[in-house]
Amino acid sequence: MIENDNTFNEEEWEFIDKNYKKGGFSRILIAKKNNGRINEIIVNQKKIAIKKIKFPGEIEFNEIKNLELIKNKNKEKQISSIIDYYGYGTKNNKLYIYLEFIEGDTIYEKKKNEYILNEKEISIILKKCLETMKFLHQNCNLIHMDLKCDNIILKHNNNNNNNNNNNNNNNNNNNNNNNNNNNNNNNNFDIKIIDFGLSQTIGELKTNHNGTYLFDQCILNNRSIVYYKFDVYSLGFISFELFYPKQFEEKPLTLTHINQNIEKSKISPIFLNFIKKCLNTNLDIDGLEIHPFLNENYDNFENYFKILKQTPLKQIKNQNGIGENNILRINNSTKIPSENKSKMIEFSEDFNEIIEKNYITNKKVVIISNPNYNINLNFFFKEVQYIWIKGIGVLDFGKTIYNNKILETFIYEGEFNNDYIIEHYLFSNVKHLILKNYKNKIKYGSIPENVRFLELSDSIGLEVIKTFVNLPKSIEELCFGCTEETLKQIKREFIHPSINFFIINGKLMKFSEKNELEFYK
């Protein structure tokens, strides 16, 4: 609900500060409503932030529309991390938006004063951001489109401030606690997401470059479909800004800035992996929510590992509108329809005929369960994005895959010849590569530079592991298995120095300061 006549009347307000904050096109006023009510909402004498905008345009009125939607949807969910909205008024070509007043500064404002956060505190903020994003996406069908540190207010809880004052009195001589005192005991805080002027409905076309952090696909294509990746990508930048000890000198922050600074920093491998997951938009919000960086219970890592492996198929299905009705399942008795418009095809174990070109044409997902690999595909795979070949046979890769430049995921469960070396041109654009029985040595360039997730055999020998130094630096997760004796002999120098996230024998591991592998605890 909004003001009945939409007219702003100064006489109805008691102004506390008419110049609380200024922006490029707006000013924040602090006031109390004289009668304690705004649009039938009882606010009593609490402070209200009035966002005053001169000559408002489409973006400003879009914010009102979005705030109204969020307010109505939030009546049931009660998400505390979104600023409360009470209505708006207009007067003399000026727009006045009535909002909850928050005691606190944006993270950007705090960072200007070298506001240092540790990784535990950062994980708390990011959890709250994800909770808010999930509510916006799933309940409001909205993408924020301009998530950044400027639009996140850090709000300290009152009881925390009292505790912190006591801590300051008791620890004046304790140098080890200086950072905690400066940070106001950040384990007990909340956030508020603000500024919904650029927010758009999921599925809409984005035909402009409005927004702070836009991935290349959006910048290069003037028409992009609005979906969750916009906000996930922004979260990667927010994560880095939270980690960086002061507000970054360059604005807006770019991927180049991050790449130049993050690798040489003291960031933990697990946090670095979380940032890469956001920037590469590998995971949706459900996957990010259970990322190990945000969850201390590493014993539950199997669930995350499972989602990590399932996500590529899920994303390709969503991108191509593939539901159960669009999947063609083939066995020996199946007749291929002449009008075969399905985008996904799955061959059963009892299918032993040759897979012809017309079976694969226009398919985005191909799953083959026949262990005999009676396949004559050659260049027929050129439009496929996801291939999963099950079974225990030996496939002649050279005759099967023909430099498919759009193939994103390749999973092969069969065997390899003892001397087989992967040729990188076969998977030039693959990002998700699972070779369940590959245990041969890796030569430089055999794994393509675009691979981010790599899973190899669960019985890798030490001599093969020593060749992991030849793996590409693009890899975000390296998964393999080995004996306990081999595990004890693995050294950091055996693996490419840019690879820091290891899943060995199904467990999340890292290198200790003594250069030895150990489990996350």
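## An aromatic cluster to start with

Let's begin with some rings: Phe8, Trp13, Tyr96 and Tyr98 come together as one aromatic cluster. Rings of Phe, Tyr and Trp (its six-membered ring) pair if their centres lie within 6.5 Å; planes under 30 degrees apart count as stacked, over 60 as edge-to-face and the rest as tilted.

Before going on, keep in mind that this is a predicted model, where local features need pLDDT of at least 70, side-chain atom pairs count only at pLDDT 80 or more, and totals for chains, interfaces and linings use all residues. Residues are numbered from 1 along each chain as its sequence is written, and side-chain values use heavy atoms, with hydrogens and water left out.

## The whole chain

The protein chain has 14 helices and 25 strands. Both are DSSP runs numbered from the N terminus (helices are H or I with at least four residues, strands are E with at least two).

Of the 521 residues in the protein chain, 50% are buried. Buried means under 20% relative accessible area, with exposed over 50% and partly exposed in between (1.4 Å probe, protein chains only).

Now look at Phe468 and Phe480, whose ring centres are 5.3 Å apart with planes at 75°, so they meet edge-to-face. Phe468 lies in the loop between α13 (462-465) and β22 (477-480), while Phe480 is in strand β22, so the pair ties together parts that are 12 residues apart in sequence. Both Phe468 and Phe480 are buried.

## Charges over rings

A charge sits over a ring if NZ of Lys or CZ of Arg is within 6 Å of the ring centre and within 35 degrees of the ring normal. Lys110 does this over the face of Tyr115, at 5.0 Å from the ring centre. Likewise, the charged end of Lys309 sits over the ring of Phe305, 5.2 Å from its centre.
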